[in-house]
Protein chains: 2
Amino acid sequence: MSKKRKLGRGVALVGAGMSPFGMFGDQDSKDLFVEAFQSMIDSVDRGLDPKDIDAIYLGNFTNDYFVQQSHWGAILADTLGLVPKPATRVEGACASSALAFREAVFAIASGYYDIVLVGGFEDMSKQTTEEVAEGLALAASPYERQAGFTFPGVFGAIATAYFDRYGATREHLMDVTIKSHNNAPLNPKAQYQRSIKDMMASKIERAKKQGKPVPDWNDEKQFLSDPRANPVVAWPMHLFDCSPISDGAACMLLVGEEIARSFTDEPLYVVGLGQASGRALHAADDLTYFEATRFAAKEAYEMSGLTPADIQFAEVHDCFSIAEILHIEDLGFFKAGEGYKAVEDGLTRLDGPRPINTSGGLKCKGHPVGATGVAQLVEVWEQLRYKAGKRQVRSGNLRIGAAHNLGGTGGTCTFTILERR
Amino acid sequence: MSKKRKLGRGVALVGAGMSPFGMFGDQDSKDLFVEAFQSMIDSVDRGLDPKDIDAIYLGNFTNDYFVQQSHWGAILADTLGLVPKPATRVEGACASSALAFREAVFAIASGYYDIVLVGGFEDMSKQTTEEVAEGLALAASPYERQAGFTFPGVFGAIATAYFDRYGATREHLMDVTIKSHNNAPLNPKAQYQRSIKDMMASKIERAKKQGKPVPDWNDEKQFLSDPRANPVVAWPMHLFDCSPISDGAACMLLVGEEIARSFTDEPLYVVGLGQASGRALHAADDLTYFEATRFAAKEAYEMSGLTPADIQFAEVHDCFSIAEILHIEDLGFFKAGEGYKAVEDGLTRLDGPRPINTSGGLKCKGHPVGATGVAQLVEVWEQLRYKAGKRQVRSGNLRIGAAHNLGGTGGTCTFTILERR
C-alpha cells in the first residue's frame with residue numbers, strides 16, 4: 001500500500017446531480033435514477049447528448065435482497081434509453097457507489113472510454129425498520145452477525161470504546177447531530193429540513209396548542225437528552241445519532257481530462273483516490289479508529305501530493321454520529337482523540353475553518369446506501385463550483401474538497417479528492 | 001459503439017486456476033475461493049508472493065439473496081490474508097465475473113495498479129431447485145418476471161422461435177448436449193464426468209442387474225428423447241438442455257504487460273474486450289439472436305483487429321443448449337441460422353475445426369454463476385498454454401482463444417479475446 005499510485009490519463013468531472021433524498025413510497029429505483037440523471041444532465045454547462053455516453057457504472061447495495069431484483073446495470077441502461085451501452089453494477093455495502101466512481105475513473109484513465117456515467121441508488125423505504133436493520137446487516141461480517149450485532153449495536157460499541165479511551169461523552173455526539181441538522185435545511189434535496197432547535201420549538205408549540213404538558217427543554221442538548229424525544233437504539237446510539245432510512249439516487253459524468261472543456265469551463269479533476277479493506281471488529285485490536293480509512297487516506301494523499309491541511313472541506317461517512325468523529329481523525333483533519341473537541345469547538349461547522357458534511361451528511365441529507373458515495377461527491381462538486389446556495393462554504397478561495405465513504409464496519413473505505421484548477 | 005477501443009497500457013494474464021465445480025454441501029464461498037486461489041498461485045510459473053497483489057476484483061451474483069451475506073470484497077480480502085488490499089465486488093447476473101475481469105484490466109491499463117487478482121464464485125447447492133430457479137430469476141427483467149418466466153421458460157421460448165425460423169429441431173439441441181458430455185470427462189474439474197453414452201450404458205446395466213425392464217436405447221438421441229431419462233423442464237428445454245446447479249470458484253492474476261515476463265515466459269495478452277447491454281425479451285423484435293452479444297463481439301474484434309475466423313476455439317455461455325447455437329452465430333463463427341448445422345456436422349467438437357466449450361461448458365463443467373466468466377477464461381488459458389490435458393485442442397499452432405459470457409436474457413454480454421504471442 002506504500003506505492004505511490006497514479007493514473008495514465010487524467011479524469012475530470014463535468015456534471016453531477018441527484019434526486020431529492022427522502023422516503024418516497026411511490027418511486028422505485030428506476031424513477032429515482034431517472035430523476036438523478038436528469039439533474040446531472042441539467043448541470044452540464046454545454047449540454048450532453050446521452051448518446052455520447054460510452055459506459056455506465058452503478059453502485060447499489062440492497063436491491064437483490066430488498067427489492068428481489070438483480071442485474072440493475074441492464075435494467076437502468078434500458079430505462080435511460082442507453083442500450084447497448086455497457087453497464088456494470090458494483091457492490092461494496094454502503095461504499096458501493098464510491099467504488100463505482102473509482103471504476104469509472106479507471107475505465108477512462110485506461111484510455112478505453114472517454115465519457116462515462118456513474119451513479120448510485122437505493123430504494124429502502126418500502127421495508128419496515130426491522131427489515132432494513134436486518135438487510136443492512138448483510139454487510140456486517142459473518143462474525144459480527146454471529147455475535148448478534150446489527151449496525152447500531154456495532155457503532156454503539158465503537159462509541160463506548162471511544163468514550164472510554166478519550167473521555168468524550170454523549171454530549172459530544174449531540175454536537176455532531178446539531179451541526180448536521182443545522183446544515184440540512186440549507187440543502188433543498190436533504191431528507192430532513194429542520195434544525196434541532198426548530199423541531200424542539202415546534203414540539204413545544206404543539207404541546208401548548210393541545211393543552212398537553214409542555215416539555216422543559218431549554219436548549220438542543222436537553223431535547224436530545226430526553227428519551228421521549230430521542231429514544232435509545234443501542235446505547236449510546238440514540239435515534240438522533242443514526243442516519244435514516246432513505247430512498248434516492250445520484251449521478252455524475254466523468255470524462256477524459258483533455259476533453260473536459262468541451263463540456264464546461266469549470267471541470268473538477270480527480271486528484272486523489274484511495275480504497276482499502278479492513279477486517280471485522282472481532283479482529284480489531286482497537287475500536288477507536290478504522291484502519292482501512294487510514295490506508296485509503298494515505299493512498300489518496302500520496303497520489304495527490306496533498307496533506308490533510310489542504311482539504312478545505314469534506315463529506316465523511318456519518319452513518320452514526322460517532323463515525324463522523326472517528327473519520328475526521330482517521331483522515332488526519334484532527335489528531336486521534338481530538339475530533340470530538342474539534343466538533344465541540346465548532347471547527348467543523350459550515351462557518352468553521354474545516355466544514356464537514358455541509359450537505360447535512362448521511363444523518364440529515366439522508367442515506368440511501370448505494371447512492372451515498374456518489375452523492376457525497378455531488379456535494380463536493382456543488383461546493384467547489386459555488387453552486388451550494390445557502391450552504392455554500394465561504395472560507396477563502398475553494399479549490400480542494402474530498403469525500404470519504406465507508407462500507408460495513410470499515411470493511412471497505414474510500415477517500416476521494418477533487419480539485420478545481 | 002462504433003469507436004475503436006484501445007487500452008493505454010497492455011495487460012497480461014500470468015496465472016489462472018479454479019476449484020472443482022460441483023455440489024459441495026460442506027464448502028462455502030470462502031472455502032471455494034481459497035481453493036481457486038491456491039490453484040491460481042500454483043499456476044504462476046515463477047511464483048507469486050500474495051503480498052504483491054495490489055487489488056482484488058470479484059464477481060458474484062446470488063450471495064446477497066441465497067446466503068444472505070453481502071460485502072464479499074471485504075470478506076474475501078480478509079479470508080485470503082490480503083487486508084488492507086482493496087477489494088471490489090461486481091455483479092452482472094451470470095456475467096458477473098467477466099465484468100470483474102474487465103474492471104481488473106481497466107485498473108491495470110489505467111496505470112493505477114500493476115498486479116491484480118480477479119475471481120468469481122458462487123455457492124448455490126444449499127438451495128432447493130425451486131429456490132435456485134427463483135433466485136436466478138432475479139436477473140431476468142421485471143417485465144419477463146411479470147410474465148411468469150424463469151430462465152428455462154425464457155430459453156424455451158427462444159428455442160421455439162429458432163426452430164420456427166430455421167427448421168432446427170430438438171435433435172440439434174441434443175448434438176450440443178452430447179458434445180458437452182463428451183468433453184467434460186476430459187476435464188478433471190468438471191461437475192459431470194460421464195458421456196451420455198456412458199450414462200446410458202450404466203443405466204441399462206443397472207436395469208439388467210436389478211431385473212427391471214431394460215430401456216431400448218440404441219443411441220444417445222434415443223436416450224435423450226426418453227422422458228424417463230430426460231424429462232421436460234420447459235419445452236423444448238429438457239433436463240439435459242439445462243446447465244446444472246453448481247458450487248465453485250475461479251481466479252486469475254493480471255499484470256501490466258511490461259512486467260508479465262517476471263511471472264512466466266508464457267503470458268497471455270488481453271487483445272480484445274467487448275461488453276454491451278441488451279433489452280429484455282419483451283422489447284426484442286426477434287428472439288433468435290442476442291443483440292448485445294453482437295455488439296460486444298464487434299467491439300472486441302475491432303479492438304483486436306481480428307475476425308471471427310481468427311478465433312481458434314472459444315468458450316461460450318451455454319446456460320441452455322439453444323444458447324450455444326445462438327452464440328456461435330452471434331459471434332460470427334457461423335452464419336445466422338447455420339449454427340445448428342455446424343454442431344450437427346461436428347464442426348464444434350474437440351476434434352473439429354472450431355472447438356466450442358472444450359471444458360464441457362456450463363452444461364457439464366458446471367455453472368456456479370458468478371464464477372463462470374472467469375472460469376471460461378481459465379479454460380482459454382489452459383488451452384493456449386497447452387495445459388488442457390486430455391481435452392487439449394490439437395489443431396495447429398494455438399494462438400488465439402476467446403470467451404463469451406451472458407447475463408440474464410442478454411441484458412449483459414461480454415466477449416474477451418486472449419492471445420499467446
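This report describes the interface between chain A and chain B in a predicted model.

The size of an interface is often given as the accessible area lost when the parts come together. Here, chain B and chain A bury about 5,200 Å² between them, and carbon and sulfur atoms give 49% of that area. On the chain B side 65 residues take part in contacts, and they meet 65 residues of chain A.

| Feature of the interface | Value |
|---|---|
| Area buried between chain B and chain A | about 5,200 Å² |
| Salt bridges between chain B and chain A | six salt bridges |
| Polar contacts across chain B and chain A, both residues at pLDDT 80 or more | 46 residue pairs |

Several elements of chain B each supply at least two residues of the side that touches chain A. The helices among them are H2 (63-66), H3 (72-79), H4 (96-109), H6 (142-146) and H11 (291-304), and the strands are E3 (87-91) and E8 (268-277). H4(B) provides the largest share of this side, with six residues. By residue type, the side of chain B that touches chain A comprises 31 nonpolar, 18 polar and 16 charged residues.

Strand pairing also links the two chains. Strand E3 of chain A, residues 87-91, pairs with E3(B) in the antiparallel sense over three bridges. Within E3(B), B:Arg89 stands opposite A:Glu91. The side chains of A:Glu91 and B:Arg89 also form a salt bridge, with an N to O distance of 3.0 Å.

Conventions: Residues are numbered from 1 along each chain as its sequence is written. Chains are lettered from A and ligands numbered from 1 in the order in which they are written. This is a predicted model: local features need pLDDT of at least 70, side-chain atom pairs count only at pLDDT 80 or more; totals for chains, interfaces and linings use all residues. Side-chain values use heavy atoms; hydrogens and water are left out. Contact means heavy atoms within 4.5 Å. Buried area is the accessible area (1.4 Å probe) that two parts lose on being put together, summed over both. A salt bridge is a side-chain nitrogen of Lys or Arg within 4 Å of a carboxyl oxygen of Asp or Glu. A polar contact is a pair of N or O atoms within 3.5 Å; within protein, one must be able to donate a hydrogen and the other to accept it, and residues adjacent in sequence count only if both atoms are side-chain atoms. Helices (H or I, at least four residues) and strands (E, at least two) are DSSP runs, numbered from the N terminus. Ala, Val, Leu, Ile, Met, Phe, Trp, Tyr, Cys and Pro count as nonpolar, Asp, Glu, Lys and Arg as charged, and the others, Gly among them, as polar. Two strands pair if DSSP finds at least two bridges between them.
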